[in-house]
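Here are my notes on this two-chain model, as numbered points. Please read them with the structure open.

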Amino acid sequence: MAFTMESCNCIDPQWPADELLMKYQYISDFFIALAYFSIPLELIYFVKKSAVFPYRWVLVQFGAFIVLCGATHLINLWTFTTHSKTVAIVMTTAKVLTAAVSCATALMLVHIIPDLLSVKTREMFLKNKAAELDREMGLILTQEETGRHVRMLTHEIRSTLDRHTILKTTLVELGRTLALEECALWMPTRTGLELQLSYTLRQQNPVGYTVPIHLPVINQVFSSNHAVKISPNSPVARLRPLPGKYMPGEVVAVRVPLLHLSNFQIDDWPELSTKRYALMILMLPSDSARQWHDHELDLVEVVADQVAVALSHAAILEESMRARDLLMEQNVALDLARREAETAVRARNDFLAVMNHEMRTPMHAIIALSSLLQETELTPEQRLMVETILKSSYLLDTLINDVLDLSKLEDGSLQLDIGTFNLHSIFKEVLNLIKPVASVKKLSVTLNLVQDLPVYAVGDEKRLMQTVLNVVGNAVKFSKEGSISITAFVAKPDCLRDSRAPDFFPVPSDDHFYLRVQVKDSGSGISPQDIPKLFTKFSQTQSLATRNSGGSGLGLAICKRFVNLMEGHIWLDSEGPGKGCTAIFIVKLGIRRLSNESKFPFAPKVSANHGLTNFPGLKVLLMDNNGVSRTVTRGLLVHLGCEVTTVGLSEECLRVVSHEHQVVFLDVCAPGVDGYELAVAIHEKFTVRHEKPLIVALTGDTDEVTKENCARVGINGVIMKPVSVDKMRSILAELLEHRVLY
Amino acid sequence: MDGVVQLQKQLVDYIASLFHEGFLDEQFNQLQQLQDESNPDFVVEVVSLFFEDSERLLNELAKALEQKTIDFRKVDAHVHQFKGSSSSIGAHRVQKVCIAFRNYCEEQNVEGCLKCLQQVKHEYSLVRNKLETLFQLEKQIIAAGGSLPAT
């Protein structure tokens with residue numbers, strides 16, 4: 001018994017070991033051990049489960065401590081009864097180990113527990129932070145929403161170009177976005193001295209409140225481009241009557257620049273003091289603790305700018321619409337005017353056509369019957385009269401045509417009928433036509449055709465005749481007595497320029513010459529200031545002497561137009577009433593080119609005897625020193641219709657020959673006369689090719705030597721004397737066509 | 001009327017005889033053709049001119065051939081003229097003599113020239129008479145109210 005009692009240092013039991021108590025101890029120890037063993041298991045299990053546990057080492061320690069304690073209590077189970085020494089040793093070892101580990105653990109816990117505690121602190125801190133971030137997030141979301149509102153607002157404002165809609169939309173949207181109680185816009189009046197309440201959000205029809213523009217609060221707002229908080233009691237903010245006591249919400253005012261079209265610039269608001277502004281008032285709801293936040297103020301400023309831009313656009317659009325409407329109106333008016341003008345022109349043309357027709361019918365009767373009369377047996381005097389009637393009728397017919405032409409002349413659509421005609425015969429015919437009238441009035445008419453005036457010219461014969469006749473007719477018409485002189489000559493370049501026609505620049509050339517016709521009368525004259533009026537249509541100078549003269553007044557106007565078409569000029573000179581008058585006109589006519597004319601379409605007065613060709617007006621020069629043969633040859637040429645100039649000597653021949661002589665006949669066989677030398681001299685005299693006359697040699701003998709000699713000196717043909725009419729005719733024809741005859 | 005017709009027939013015959021005898025040639029016809037309403041006296045004018053010219057030339061020729069030393073060039077010139085004018089009016093026989101005359105001038109044959117001068121004088125006076133008679137006849141016809149026959 002001593003071995004168990006002494007080695008276990010147990011309390012000496014006074015009473016005998018109660019079995020019940022022993023049993024309870026035994027069971028408790030068992031359970032303790034069990035618990036002690038299961039705790040680490042649990043710990044291990046759960047730690048293994050959790051990924052993050054920084055104190056594994058502590059856990060191991062703690063696990064060891066628990067396990068050893070459990071072991072101790074377990075071993076206790078054996079010590080209730082007698083036990084061997086081994087058990088005692090095991091027990092002791094277990095206890096020693098346990099003691100060591102517990103102490104180590106206790107020491108370790110000193111470190112660990114503060115750490116564990118601080119984890120808790122951090123957790124608190126993070127929670128707070130999270131709460132704060134949530135709050136801020138909420139704020140940002142609000143702001144973003146506000147930004148969206150701004151964009152939408154801007155879009156709404158800018159989507160319309162109607163002024164009223166813009167402003168109304170602005171107020172509505174702002175009110176919605178910022179949950180405003182009231183939003184109002186004050187516009188400057190036309191005078192610029194007052195602001196008038198123009199638009200409000202809640203009130204339907206704002207009565208025209210006005211405030212003077214120079215209030216300090218208004219100046220304050222206008223001087224800065226930011227939204228400014230103002231007092232709710234200022235005149236601009238008192239928009240509705242205050243019902244009893246309530247706390248009005250904060251008010252903010254911002255300026256809205258009203259831009260003129262001319263200074264509209266997108267990114268640069270010029271800071272001019274003369275700028276006009278409107279005032280926008282925004283009121284937060286009353287009785288709420290809401291305050292204006294910065295982001296809301298920014299929103300308001302942005303909106304104010306956008307509104308300004310939108311208003312400018314609206315103004316521009318209005319302006320352009322107005323301009324377009326104006327243009328449309330003008331277009332309509334112009335169209336109407338054009339149609340009216342066209343109608344008038346058509347009416348005039350119709351009238352002219354009808355009148356034309358009415359006038360032509362009797363004209364045709366006259367012309368037809370006169371022609372028939374011409375075919376019958378008439379005495380020479382009667383024939384002359386009938387011819388004059390016919391000529392006058394033709395002229396009248398032409399005049400009728402020209403009344404219609406006058407309208408064409410004004411359109412510029414009249415064209416001249418160009419052809420070759422006999423210039424001299426025009427004047428002679430005019431003279432014939434005018435002589436009866438002139439002789440009745442006892443006026444003497446003289447015609448002077450200057451030597452170098454070409455017989456033939458290229459131009460509009462009919463209209464030139466008309467012009468001459470008109471001018472001469474006027475001279476006769478307006479003279480009661482005295483004389484009329486008609487002069488026609490070729491105008492030289494230096495005398496073509498006239499101070500009365502400063503813009504008339506005639507340019508002489510090889511193909512054209514300028515015909516100048518002067519008709520001087522000793523009649524009633526015209527005062528110089530009336531002269532320009534004469535050339536306008538339908539005007540007549542109202543002097544007693546002329547009142548009875550009749551006439552439509554078209555004459556000179558038509559003449560002027562014809563003359564202009566012929567690239568010429570017409571004017572009148574008069575020293576005054578009673579001092580007579582000189583009418584002068586210059587026209588451009590073409591020179592007839594012989595090489596173009598192989599046939600002569602004109603043959604005035606062809607006798608029945610003659611054959612096909614005659615050479616009317618062909619200017620020839622005949623040089624023969626034998627009087628008889630000269631006379632005979634001359635007669636021959638005259639018989640063929642030529643205009644012959646005769647000379648007997650070579651010097652005289654050289655002197656007389658001019659560019660108007662188209663053929664020169666030289667007698668080359670007379671002794672003492674060197675026809676060849678003469679031919680050479682003639683060639684040298686005319687350097688311009690088309691002025692050189694064709695030279696024909698008349699000779700008694702035509703042998704080869706003579707022919708060669710002639711050809712050498714440039715003689716175009718050789719004829720043997722005497723020559724018959726037929727021979728001469730064919731010779732001339734061939735010569736003029738081919739320019740050579742051998 | 002009868003008288004006129006007779007005169008006209010006489011004229012025609014006379015002209016025919018002149019042609020036949022060689023006093024006039026084709027050229028005279030040409031002259032007659034050149035006479036028309038605008039030139040009614042053409043033939044008479046030309047012939048008168050011929051007479052004047054011929055008188056002058058014959059005088060010149062006579063003078064020239066009377067010289068001691070005959071200037072044949074001058075003589076030739078005159079003869080040439082005379083030849084030209086006579087051929088122009090169709091005085092055929094005169095023209096023929098002139099041609100011969102010129103040959104003698106070239107040869108400087110005084111005898112020949114003088115002979116020719118005589119001949120040409122003779123022929124000239126002959127044709128002159130004939131033409132004057134012709135013109136007389138024409139005048140008579142016109143005076144009687146007739147018209148000259150067309151040639």
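1. The side chain of Thr105(A) reaches the backbone oxygen of Val101(A) at 2.7 Å. Thr105(A) lies in helix α4 (residues 85-158) of chain A. Its relative accessible area is 5%, so Thr105(A) is buried (under 20% relative accessible area; over 50% is exposed, in between partly exposed; 1.4 Å probe, protein chains only). Beyond its neighbours within four places in sequence, Thr105(A) is in contact with Gln61(A), Phe62(A) and Phe65(A). Contact means heavy atoms within 4.5 Å.

2. On provenance: this is a predicted model, where local features need pLDDT of at least 70, side-chain atom pairs count only at pLDDT 80 or more, and totals for chains, interfaces and linings use all residues. Residues are numbered from 1 along each chain as its sequence is written, chains are lettered from A and ligands numbered from 1 in the order written, and side-chain values use heavy atoms, without hydrogens and water.

3. Chain A has 19 helices and 18 strands. These are DSSP runs, numbered from the N terminus: helices are H or I with at least four residues, strands E with at least two. Of the 742 residues of chain A, 39% count as buried. Of the chain A contacts with a separation of 6 or more, 70% join residues 24 or more positions apart.

4. The largest nonpolar core has 70 residues. Such a core is a set of buried Ala, Val, Leu, Ile, Met, Phe, Trp, Tyr and Cys residues joined through side-chain atoms within 4.5 Å. Those with the most contacts inside it are Val663(A), Phe665(A), Leu732(A), Phe101(B) and Leu131(B). Helix α3 (residues 42-66) of chain B gives the most to this core, with 12 residues. A second, separate core has 48 residues, including Ile434(A) and Phe535(A).

5. How much area do chain B and chain A bury between them? About 1,600 Å², 62% of it on carbon and sulfur atoms. Buried area is the accessible area (1.4 Å probe) that two parts lose on being put together, summed over both. Leu34(B), His80(B) and Gln81(B) supply 28% of the area that chain B buries against chain A, more than any other three residues.

6. At this interface, 21 residues of chain B are in contact with 19 residues of chain A. The rule finds zero salt bridges across it (a side-chain nitrogen of Lys or Arg within 4 Å of a carboxyl oxygen of Asp or Glu). On the chain B side, α4(B) gives the most, with eight residues.

Methods:
A polar contact is a pair of N or O atoms within 3.5 Å; within protein, one must be able to donate a hydrogen and the other to accept it, and residues adjacent in sequence count only if both atoms are side-chain atoms.
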